[in-house]
Amino acid sequence: MLALDRLKLALAQARRESSLVGVMFLDLDNFKHINDTLGHDAGDNLLIEAARRISSCLRGTSTVARLGGDEFLVILPGLTGPEATSQVAERILKTFAPPYLLNGQEVFVTTSIGISVFPNDSDNSGTLLQHADAAMYQAKHKGKSAYALFAPEMTEVSHERLQMESLMRRALEQKEFELYYQPIVRTESGQLCSAEALLRWNNPGMGMVMPDRFIPLAEETGLITPIGEWVLREACLAAIRWKESTGTDIGISVNVSPRQFRDPGFVDTVMNALKASGLPPQQLELEITERLILDNTIETADILRQLDQSGIRLSVDDFGTGYSALSYLKSYPFDTLKIDKSFVQDVMKEREDASLVKAIINMAHSLGLSVIAEGVEEEAQTHFLQQEGCDYSQGYFYSRPMPENEFQEWLKTNHRAL
Ligand SMILES: [Mg+2]
């Protein structure tokens, strides 16, 4: 409230002096992810340090306020030209470059900045804030650690976001979500052993929406919980249908997002999906990303243990792309490592990638874990992986993700299937 009052005063003064006022909206990038993985205490320390860094870039007449969550407002009064706001924004981005020390770990945190200027963009404090917010989303969209000056067409972007959120709220009822399935095969024989369920959103207006476009928003809004529940239920039922049509057990892998995992009802949701479908727990594998595991809280360990004890398989997804704190591999009950496709794709071209993949396979095996290579696209890669004893493979070489009817067809017609 003090900040908004100061903004009004700054506008009144600027009117008298015919000067400009810069309004900046800052949002830390991936803050939720820090909270989710390192815990709320680390998140709070980060906010304090971030506030200190922002303040260090400003003159005494400026105001910094935390608006809530990881959002900060900066008021720059008495400017002589709009370009001064860009200079401040660049200083702030620079001061965010060094890592933060949280729980004894170095963590890199960036910020996205949206800027509006009085009187160029609006002469009203509320509208200036809205415009700075819209510009901030534009900065996030640029790839984060960026700033953007408000432009009139940006109000459409924030409108689009709101619209996407409301469409997503209705998508479950309207049955617009669909699961695609990508085969996971034994590297040695090429035979199918399981499939990864991948979420797609089929919206009449937007067409086919890929998860990277809507999952972050689903996490932000909490919609990930009902969506994730639907995915688990559907995926288990699909595995049962495949058993009925082929007479063979085919496992199913389901991706779990950090927010979904942290939901207090998560374990129950998984158990209910198994019970409702009749799928044996050994045939369900939950894929968990490294960044989720790094949250060393008792709850994480406890949830993983409960899932493990019920017989469900657990895998580390995108292995090698996160913080790769290897100690969790011995303390948590994982069954499988999925080597990220960024390593697999260059095993034939880059000696270093080949060495890394080899090392990961050896390490996993000596810890009693099996290994899935993701993103296998060429035959030569399969030979390499066979030679190195990689247990399972997944990728376009075998098959793209397919909608269920195609997957069923693939099961019937492909010699690799069974
Ligand atoms: Mg996955």
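Across which strands does helix H1 lie, and at about what angle does it run to E3? I looked this up in a predicted model, in which local features need pLDDT of at least 70, side-chain atom pairs count only at pLDDT 80 or more, and totals for chains, interfaces and linings use all residues. I number residues from 1 along each chain as its sequence is written.

**Entry 1, helices on the sheet.** I found that H1 (residues 2-17) lies across strand E1 (20-28), E2, strand E3 (71-79) and E6, and that it runs at about 20 degrees to E3. Helix H4 (residues 83-95) lies across E1, E3, E6 and E7, running at about 165 degrees to E6. My helices (H or I, at least four residues) and strands (E, at least two) are DSSP runs numbered from the N terminus; axes are lines fitted to C-alpha atoms, for helices over the stretch in contact, with angles from 0 to 180 degrees between N-to-C directions.

**Entry 2, the sheet.** I traced five strands in an open sheet of mixed pairing, ordered E2-E3-E1-E6-E7, where two strands pair if DSSP finds at least two bridges between them. Strand E2 (63-68) and strand E7 (147-149) are at the edges with a single partner strand each, so one side of each has no neighbour in the sheet. On average, neighbouring strands here are turned by 20 degrees against each other, direction ignored. I then followed E6 (residues 111-118), which pairs with E7 in the parallel sense over three bridges; Ile-113 has Tyr-147 in E7 as its bridge partner.

I placed Val-21 in strand E1, and it counts as buried because it has 25 C-beta neighbours inside 10 Å (buried is 20 or more other C-beta atoms within 10 Å, exposed 12 or fewer, partly exposed in between, with C-beta atoms placed from the backbone). Leaving aside neighbours within four places in sequence, its contacts include Ala-10, Leu-11, Ala-14, Ile-75 and Phe-118, a contact being two C-beta atoms, placed from the backbone, within 7 Å.

The chain is divided into domain 1 (2-152) and domain 2 (164-413), with bounds from an automatic or database domain assignment, and their C-alpha centres lie 37 Å apart. I checked H8 (residues 224-246): at 1.5 Å a residue its 23 residues should span 33 Å, and the end C-alpha atoms are 32 Å apart, which agrees; the expected span is 1.5 Å times one less than the number of residues. Among the buried residues of H8 I noted Glu-229, Glu-234 and Trp-242, and just after the helix Gly-247 takes a positive phi of about 75 degrees.
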